[in-house]
Amino acid sequence: MQISMTVNGTDVTSEIEPRVLLVHYIREVLGLTGTHWGCDTSNCGTCVVLMDGQPVKSCTVLAAMAAGHDIRTVEGLATGGTLDPVQQGFMEEHGLQCGFCTPGMMLTARALLDKNPHPDDAEIRQAISGQICRCTGYATIVRSVQWAAAHPAGTGLDETPAADEVLDGTDTAVPDVAAETAESDTEVKA
């Protein structure tokens, strides 16, 4: 069957088998390998892309179901060589470790910020609740989204909090407990 859709602002048309999942279409047909494929059960959320601005797990959507829709992958976040504030936030606040969940997390964060430019901690955690990160413990991901909310596209980066402070979601800087612990003389034994 033939399908057409818009992917990252570009119209694409392809001949596919009707049973091809959107994640496989994106990765194998279009060659956009930033979309990851993880659990095969729709539990992990690593395959999240935006369909008409809404996060969807692309392992649960047939490519044929996406025909006529606007699809955005992680490759479509940056524009004109400039990182999206969400991407910049993940860099600034160390929102990734292994990076496997990161594309889906960033797209979910972008959808959240598009709907709610100033989410609180609970709203961010709710938005990413359908995705699993096995490395970060989510604190750095939440801070990354908070950073992006504080630095929407077009604003200067000079508002970044000091390295020893983080934003608590209310635009109030609070001490970074991890940095304070690292500076203490207390020896931690494993």
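1. In this predicted model, helix H2 passes helix H3 in a right-handed crossing. H3 spans residues 102-115, and the two helices pack at an angle of about 125°, with 9 Å between their axes. H2 is therefore oblique to H3. On the H2 side, the contact is made by Pro85, Val86, Gln87 and Phe90. The H3 side contributes Thr102, Met105, Met106, Ala109, Arg110 and Leu113.

2. H2 also packs against helix H5, which comprises residues 139-150. Here the angle is about 130° and the axes lie 8 Å apart, so that H2 is oblique to H5. The crossing of H2 and H5 is right-handed. Pro85, Val86, Gln88, Gly89, Phe90 and Glu92 are the H2 residues that meet H5; their counterparts in H5 are Ile141, Ser144, Trp147 and Ala148.

3. Thr73 belongs to the loop that runs between strand S5 (70-72) and helix H2 (85-92). Its relative accessible area is 0%, so Thr73 is classed as buried. The side chain of Thr73 forms a polar contact of 2.6 Å with the side chain of Glu75. Beyond its neighbours within four places in sequence, Thr73 is in contact with Val7, Asn8, Ile26, Leu32, Thr35, Val49 and Leu107.

4. Turning to the cysteines, the structure contains zero disulfides. Cys44 is in no disulfide, and the nearest cysteine sulfur, that of Cys39, is 3.7 Å away. A disulfide requires two cysteine sulfur atoms within 2.5 Å. Cys44 has a relative accessible area of 11%, and is therefore buried.

Notes: Residues numbered from 1 in each chain as written. Predicted model: local features only at pLDDT ≥ 70, side-chain atom pairs only at ≥ 80, totals over all residues. Heavy atoms only, no water. Buried < 20%, exposed > 50% of the residue type's maximum accessible area, 1.4 Å probe, protein only. Helix = DSSP H or I, 4+ residues; strand = E, 2+ residues; numbered from the N terminus. Polar contact = N/O pair within 3.5 Å; in protein donor to acceptor, adjacent residues only side chain to side chain. Contact = heavy atoms within 4.5 Å. Axes fitted to C-alpha atoms, helices over the stretch in contact; angles between N-to-C directions. Parallel < 35°, antiparallel > 145°, perpendicular 65-115°, else oblique. Left-handed = near helix turned anticlockwise from the far one by under 90°.
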